[in-house]
Structure formats: C-alpha cells, structure tokens
Amino acid sequence: MKCIIVDDEPLARQEMQALINDVSDLEIIGSFSNAPAALKFLKINSVDLIFLDIEMPMVTGLEFAAQLPEDTLVIFTTAYPKYALESYELDAIDYLLKPIDKSRVQKAINKALTYKKLLSAETEKNTIESNTGDFMIIKSERKFFKINFADIKFIEGLKDYVVIYTGNQKLITAMNLKTIHQKIPNSTFLRVSKSYVINLNFIDSFDHHNVYLGENEVPLGEVYKKDFFKIYSGGSLNLE
C-alpha cells in the first residue's frame, strides 16, 4: 500500500517516516510540508493512505481531507485532541496524538490495511438479514450465520463497515457502527468511542484511556468516557 506524509514540521515528518518503516511494509512515496504541495502530487500519483497533520499553514489538514477521494484513507497525526470529533466526521481511519507511540501507529496501519482489503474484495459483502432479542443472522456468500449477542466481545467500525469480534471468529459486515448499535441490546452493549461498541460482560479492567477485554485493548473516547464510568461503575468509583 502506497502512502505519503503531510506535516509542516520537518522533524515530525522524519519521525513519522521512521515509525512507519519500523512497524510496516508500507511504501512511502512522498513527504510534504503543506497540503497544496501534496494535492498537486495526488493529481498525478495514486496514493492509498495519507498521514496528515492538522494545524498547517495555507490549508489545514481537515480542509485538505475534505477534498480527498472517498477511497483515499487518512490517519491524522496531531498534537491537539480537540479536532478528534471533526476528524471522525471526515471518516478518518484513526487519530494519533503526538508524541506518537509505535504501537498506536501499528494499530492505525492495521486498521487501514483491513479497510483497504474490504474495498478491494470481490466477494459478496456480508449483510445483516434479521435480528431477535438474543441473536442476529448475517448472510455471507450464500450462507446464513447465527451470531449470539452473548458471544460478541466488541464491534469495531471502519467507515461503512463493521467488524464483529466473538471469542473465535471475526465477521465483517457492510453497515456503519451507529446502525448496528441500534440493532443490538443497549443493556449489554455500550459505545465507548467513535469506532467501538463493547459488550459490558467481557470487560476485565479499564483505566482513563482504555477498556480491556481479555487480550483486546479498546480505546475510551473523551466524549463517551463520562457515560461509560457512570453506567459501568454505577457512579460508585472515585475516578479523579
């Protein structure tokens, strides 16, 4: 997968390039200090993924992202958490806060690779055919699969798709996270970020930044944090 880096700080571009090379096989085909230069490059070059800073001169990262084709994936890289909501409204794959941790870069790239695979897949897309109080039926490649709600650990949203994780399988469905959240029991499932809905029964532990479900670590979004603490702890914990 081909990618470029757009950031007005030379050191930030160098650090991002080193991180990408350290955790992936992505092909970095360009590095730019501003959005207009990157946009000029995109007119004659095919790019799958952009690592994009937000606060830049001339054109901000958010303004630049709004001009991109739908199949061009974006991972925002910024020192400011305040733009997170706007970034997800632009369907960003991920939002990385500087200084950026290597493991977070790897997770973001894995999400991008998964979504790119979905876009290029020629097989029939999974669809939810029906759901009851206890399970849902998903159609995939002329077969119907029953998924018990009690077996779902968490659901991850990737633009127009969701990935349903159970104890022993991972199913991809053509549906956004908001829609599938409306089809599952709200007494059991809680949205904890723009990209995740979790099954409360699988929670092992949590802190101010993540929820841990066995070996899985799910980020806890700032917008959803207060409701999560209130619902899960019943308001009985001192979370200061």
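Leaving aside neighbours within four places in sequence, Thr-166 is in contact with Ile-147, Asp-151, Ile-152 and Lys-153, where contact means heavy atoms within 4.5 Å. Thr-166 is found in strand E10 (residues 161-166). With a relative accessible area of 10%, Thr-166 is buried. Buried stands for under 20% relative accessible area, exposed for over 50%, and partly exposed for values in between (1.4 Å probe, protein chains only). Strands (E, at least two residues) and helices (H or I, at least four) are DSSP runs, numbered from the N terminus.

The model is predicted: local features need pLDDT of at least 70, side-chain atom pairs count only at pLDDT 80 or more, and totals for chains, interfaces and linings use all residues. Residues are numbered from 1 along each chain as its sequence is written, and side-chain values use heavy atoms, with hydrogens and water left out.

**The sheet around E10**

An open sheet of five strands, paired antiparallel, has the order E11-E10-E9-E13-E12. Its edge strands are E11 (170-173) and E12 (189-191), each of which pairs on one side only. On average, neighbouring strands of this sheet are turned by 20° against each other, direction ignored; the axes are lines fitted to C-alpha atoms, for helices over the stretch in contact, and angles run from 0 to 180 degrees between N-to-C directions. E10 and E11 run antiparallel and are joined by four bridges, and two strands pair if DSSP finds at least two bridges between them. Ile-164 has Leu-171 in E11 as its bridge partner.

Strand E1 (residues 2-6) is largely enclosed by the rest of the structure, because four of its five residues are buried. Five bridges connect E1 with the parallel strand E2 (residues 27-32), and Gly-30 in E2 is the bridge partner of Ile-4. E1 also pairs with strand E3 (residues 49-52) in the parallel sense, over four bridges; here Cys-3 stands opposite Leu-49. Together with helix H1 (residues 10-23), E1 and E2 make a right-handed β-α-β unit. A crossover is right-handed if, with the strands pointing away from the viewer, the path from the first strand over the helix to the second runs clockwise.

**An exposed loop residue**

Gly-133 lies in the loop between strand E6 (127-131) and strand E7 (135-140). Its relative accessibility is 61%, so Gly-133 counts as exposed. Not counting residues up to four places away in sequence, Gly-133 touches Phe-149 and Pro-185. Gly-133 and Ile-184 are 51 residues apart in sequence, with 7.9 Å from C-alpha to C-alpha.

**Aromatic rings**

The structure holds nine aromatic pairs. Rings of Phe, Tyr and Trp (its six-membered ring) pair if their centres lie within 6.5 Å; planes under 30 degrees apart count as stacked, over 60 as edge-to-face and the rest as tilted. Two of the pairs are tabulated here.

| Pair | Centre to centre | Angle between planes | Type |
|---|---|---|---|
| Phe-32 and Phe-41 | 5.1 Å | 50° | tilted |
| Phe-206 and Phe-229 | 5.8 Å | 35° | tilted |

Phe-206 is partly exposed at 24% relative accessibility, whereas Phe-229 is buried at 10%. Phe-32 and Phe-41 are both buried. Elsewhere, ring pairs link Phe-154, Tyr-165 and Tyr-196 into a cluster.
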